[in-house]
Amino acid sequence: MALDSDGEYRAIEVEASMDSKEIAESRINSKLSELIKSGEFREELYSDDDTSTEKSSLIITDINDEVKRYLKKHPEKLHDLTPRRFEELVASILEDMGLDVQLTQATRDGGTDIIAEFKNAITSFLILVECKKYSPENKVGVGIIREVAGVHSFKQPSKSIIVTTSTFTKPAKDAASILKEQIDLKDYFNLKEWLNKY
C-alpha cells in the first residue's frame, strides 16, 4: 500500500485468486520478509515535490483497474512506464473494450506488440497493435508508419493501430492519412480519453 494524492492508501502490488487463505498468508509473510531484508520502504505512491533533481520512476508490477485509475488522475506518469508495462496497459484497455487480446513476446516482434480480435455472432476482425512508449518530445516518425504498413500488407489484418505516449510528426500523420483504411494512429491524448472511463 502507498499514500495517494487524495489521502487514501492504494495498493501498489496486488495478487488475486489464491487457492487458500494459508497460501495468501504465506505470500504476505514472504513479501514482508523480502521488504525487511531489502530495507525498502515507500510511504507515497507519488511525490509532488518538484525540488528533487532525480527523475521519479513508477514501479508497477501488474496492470489492474487501480493502476488505470491512478494513470487517469496522473496521465503524465504514462511516460514512467517501461515499454513492456505500456504494452500491457494498452492490452488491458483493449480487453476492457471487449476485444480478445494476446501480447506478443517481449522481444523484437516485427511491428506487432498486441494481436487483438473483435468477435461477435456475425463476424470477427483482426487488429494488430504496435506500441511506442516515447517521451513527449520524441514524436513517432514516418519510418514507424512505413514499418507497420509493411507488416499490415504482409499479415492482412482488418486494421493496424499505432499507440504512443507521445504524438506523431506531420509526415507520419500524412503517410497514415493515405493509409487511413488500414492504419489508425492513437497518441497521448487518445490514451487520456481511454483512461477517462476508469
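Contact here means heavy atoms within 4.5 Å. The structure is a predicted model: local features need pLDDT of at least 70, side-chain atom pairs count only at pLDDT 80 or more, and totals for chains, interfaces and linings use all residues. Residues are numbered from 1 along each chain as its sequence is written, and side-chain values use heavy atoms, with hydrogens and water left out.

**One residue to start**

Ser92 sits in helix α3. Set aside its neighbours within four places in sequence, and Ser92 is in contact with Ile63, Lys68 and Tyr198. Is Ser92 buried or exposed? Ser92 is buried, because its relative accessible area is 13%. Buried means under 20% relative accessible area, exposed means over 50%, and partly exposed is in between (1.4 Å probe, protein chains only).

**The overall plan**

The protein has six helices and seven strands. Helices (H or I, at least four residues) and strands (E, at least two) are DSSP runs, numbered from the N terminus. Along the sequence, the pattern reads β-β-α-α-α-β-β-β-α-β-α-β-α. Of the 198 residues, 34% count as buried. Take the contacts with a separation of 6 or more: residues 24 or more positions apart account for 56% of them.

**The sheet**

Five strands form an open sheet in the order β3-β4-β5-β6-β7, with mixed pairing. β3 and β7 (183–186) stand at the edges. Each has a single partner strand, so one side of each is left without a neighbour in the sheet. The twist averages 20° from one strand to the next. Two strands pair if DSSP finds at least two bridges between them. Strands of a sheet pair through backbone hydrogen bonds, either parallel or antiparallel.

| Strands | Sense | Bridges |
|---|---|---|
| β3 (residues 100–103) and β4 (residues 114–119) | antiparallel | four |
| β4 and β5 (residues 124–132) | antiparallel | six |
| β6 and β7 | parallel | four |

Some bridge partners can be named. Val101 has Ala116 in β4 as its bridge partner. Lys119 stands opposite Ser124 in β5. Ile162 has Leu185 in β7 as its bridge partner. β4 and β5 form a hairpin, with four residues between them.

**Helices on the sheet and on each other**

Axes are lines fitted to C-alpha atoms, for helices over the stretch in contact, and angles run from 0 to 180 degrees between N-to-C directions. α3 lies across β3, β4, β5 and β6, and runs at about 170° to β3. Helix α4 (residues 142–155) also packs on the sheet, touching β5, β6 and β7. The direction of α4 makes about 150° with that of β6.

Helix α2 (residues 65–73) and helix α3 (residues 83–96) pack at an angle of about 105°, with their axes 11 Å apart. That makes α2 roughly perpendicular to α3, a term for angles of 65 to 115 degrees. Asp65, Lys68 and Leu71 in α2 meet Leu89, Ser92, Ile93 and Asp96 in α3. These residues divide into three nonpolar, one polar and three charged. Ala, Val, Leu, Ile, Met, Phe, Trp, Tyr, Cys and Pro count as nonpolar, Asp, Glu, Lys and Arg as charged, and the others, Gly among them, as polar.

**The cores**

A nonpolar core is a set of buried Ala, Val, Leu, Ile, Met, Phe, Trp, Tyr and Cys residues joined through side-chain atoms within 4.5 Å. The largest has 25 residues. Those with the most contacts inside it include Leu71, Phe86, Leu89 and Val129. Which element gives the most to this core? α3 does, with six residues. Apart from this core lies another, of 10 residues, among them Ile145, Val148, Ile162 and Ile183.

Notes:
Angles under 35 degrees count as roughly parallel, over 145 as roughly antiparallel, 65 to 115 as roughly perpendicular and the rest as oblique.
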